[in-house]
Each structure stands twice: as C-alpha cells, then as structure tokens.
Amino acid sequence: MAPESPAPVELPSGRFEGREQFQQLVRGALAQAAREGWRELVLSDASFEDWPLGERAVAESLQAWSKTGRKCILLARKYDDVVRRHARFVTWRRTWSHIIEARACSAADPLELPSALWSPRWVLERRDLERSIGWCGGEPERRLLLRESLAEWLQKSSAAFPATTLGL
C-alpha cells in the first residue's frame with residue numbers, strides 16, 4: 001500500500017513578527033507554491049538580505065515549482081546581496097531564466113520598496129523591516145492592494161540581474 005500524501009497545509013493569515021517567523025513564512029509559501037502549482041510569484045525586497053533564498057529547502061521548493069507556464073518576477077533595489085548570500089538561488093535563477101523576470105529600482109529608498117511575496121492565492125508583506133513585522137493572508141483585498149503597489153514599482157523599474165554575464 002502506498003503511503004498517504006500529507007494533508008494540505010493551510011498558510012497562516014494575520015500579523016507576524018520577527019525575522020525567524022518571516023523566513024518560515026517565506027519557506028512555507030514557496031513549498032505551498034510548489035505543491036499547489038501557483039502560476040505566478042512576485043518576490044520583492046530592497047536586497048533580499050533577510051530572505052532564506054540560499055537554503056536547500058527553498059531551492060528544492062523553487063525547483064519543484066518551476067514548470068512550463070510558470071512566471072516569477074523579482075524586484076529589488078539591487079542584487080549585490082543576492083549574488084553574495086544566496087548561491088543556490090542564483091544557480092536556480094540561471095537554470096530557469098526563461099520563466100524569471102528580474103527588475104531593479106536602483107534609485108528607490110530601501111525602506112519604501114515593498115518587502116513582499118505575492119501570489120494569486122496568498123501574500124506576505126513586511127511593513128517594518130527592522131523588526132520584521134508585517135501581515136500575510138489570502139484575502140482578495142490584501143492580494144489586490146499588494147499587487148497594485150508592486151505594479152507601480154515595476155513600472156519604475158528596469159531589467160536587472162542577468163542570468164549570465166558575457167565577458168570578452
């Protein structure tokens with residue numbers, strides 16, 4: 001007899017506080033995106049410094065999520081910290097560059113650029129970066145408001161973080 005699949009885990013809704021809780025929510029959301037086949041993700045942060053993008057479990061979730069018809073938009077002020085801190089993520093980005101659009105707002109104030117994960121099903125946004133305080137949930141109003149905010153920032157952004165760099 002085959003083992004039963006674990007019951008689907010429902011992502012939390014409400015306020016969160018602290019770096020560890022924020023990181024756990026990111027891990028959980030990316031794992032859920034892979035399990036449920038979310039078609040689109042937007043990851044936004046000034047530098048992604050506090051994000052667990054370099055972790056093996058996150059890389060595995062992103063790998064499982066990466067399929068035809070999926071799309072991931074990255075938005076940052078700059079990607080220097082991503083390259084330095086998150087080698088697994090950089091490798092994943094290189095492999096799946098055809099489904100990933102990386103954008104940058106280099107002139108943005110790091111405190112104004114949203115620190116958020118958006119999907120059509122669930123969202124997470126840090127409002128206080130210093131203490132990692134924010135909210136998360138699947139309510140349609142939250143998803144719409146965050147998507148509109150991200151769309152405004154994306155209009156001000158330009159292509160960045162190339163998957164490969166060509167040298168002479």
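Predicted model: local features only at pLDDT ≥ 70, side-chain atom pairs only at ≥ 80, totals over all residues.

**Strands, helices and a tryptophan**

Reply: Happy to. β5 and β6 form a hairpin with four residues between them.

Me: Thanks. How many bridges hold β5 and β6, and in which sense do they pair?

Reply: They pair in the antiparallel sense, over four bridges. Within that pairing, Ser 115 has Arg 126 in β6 as its bridge partner, and Ala 116 has Glu 125 in β6.

Me: What does β5 pair with besides that? I'm curious about β2.

Reply: β2 and β5 are also antiparallel, with three bridges between them. There, Leu 43 has Leu 117 of β5 as its bridge partner.

Me: Are the faces of β5 covered or open?

Reply: Covered, both of them. Ser 115 and Leu 117 are buried on one side, and Ala 116 and Trp 118 are buried on the other. As a rule, side chains in a regular strand alternate between the two faces of the sheet.

Me: And β6, is that enclosed or exposed?

Reply: Largely enclosed by the rest of the structure, because five of its six residues are buried.

Me: New topic: helices packing on helices. How do α1 and α2 sit?

Reply: α1 is residues 19-36 and α2 is residues 56-65; they pack at an angle of about 25°, with axes 8 Å apart. α1 and α2 are therefore roughly parallel to each other, and their crossing is left-handed.

Me: Which residues make that contact?

Reply: From α1, Arg 27, Leu 30, Ala 31, Ala 33 and Ala 34; from α2, Val 58, Ser 61, Leu 62, Ala 64 and Trp 65. By class, the α1 and α2 contact has eight nonpolar residues, one polar and one charged.

Me: What about α2 against α4?

Reply: α4 is residues 87-95, and α2 packs with it at about 15°, with the axes 9 Å apart. That makes α2 roughly parallel to α4. The crossing of α2 past α4 is right-handed.

Me: Who touches whom there?

Reply: On the α2 side you have Arg 56, Ala 59, Leu 62, Gln 63 and Trp 65, and they meet Arg 88, Phe 89 and Trp 92 in α4. The contact of α2 with α4 divides into five nonpolar, one polar and two charged residues.

Me: One last thing, Trp 38. Where is it?

Reply: Trp 38 is in the loop between α1 and β2.

Me: Is Trp 38 buried or exposed?

Reply: Buried: the relative accessible area of Trp 38 is 5%, and the cut-off for buried is under 20%.

Me: What does Trp 38 touch?

Reply: Leaving aside residues up to four places away in sequence, Trp 38 touches Leu 11, Ala 29, Gln 32, Ala 33, Trp 65, Arg 70, Ser 119, Arg 121 and Trp 122.

Me: How far is Trp 38 from Pro 120?

Reply: C-alpha to C-alpha, Trp 38 and Pro 120 are 7.4 Å apart in space, although 82 residues separate them in sequence.

Key
Residues numbered from 1 in each chain as written. Heavy atoms only, no water. Axes fitted to C-alpha atoms, helices over the stretch in contact; angles between N-to-C directions. Helix = DSSP H or I, 4+ residues; strand = E, 2+ residues; numbered from the N terminus. Parallel < 35°, antiparallel > 145°, perpendicular 65-115°, else oblique. Left-handed = near helix turned anticlockwise from the far one by under 90°. Contact = heavy atoms within 4.5 Å. Nonpolar A, V, L, I, M, F, W, Y, C, P; charged D, E, K, R; others polar. Buried < 20%, exposed > 50% of the residue type's maximum accessible area, 1.4 Å probe, protein only. Pairing = 2+ DSSP bridges.
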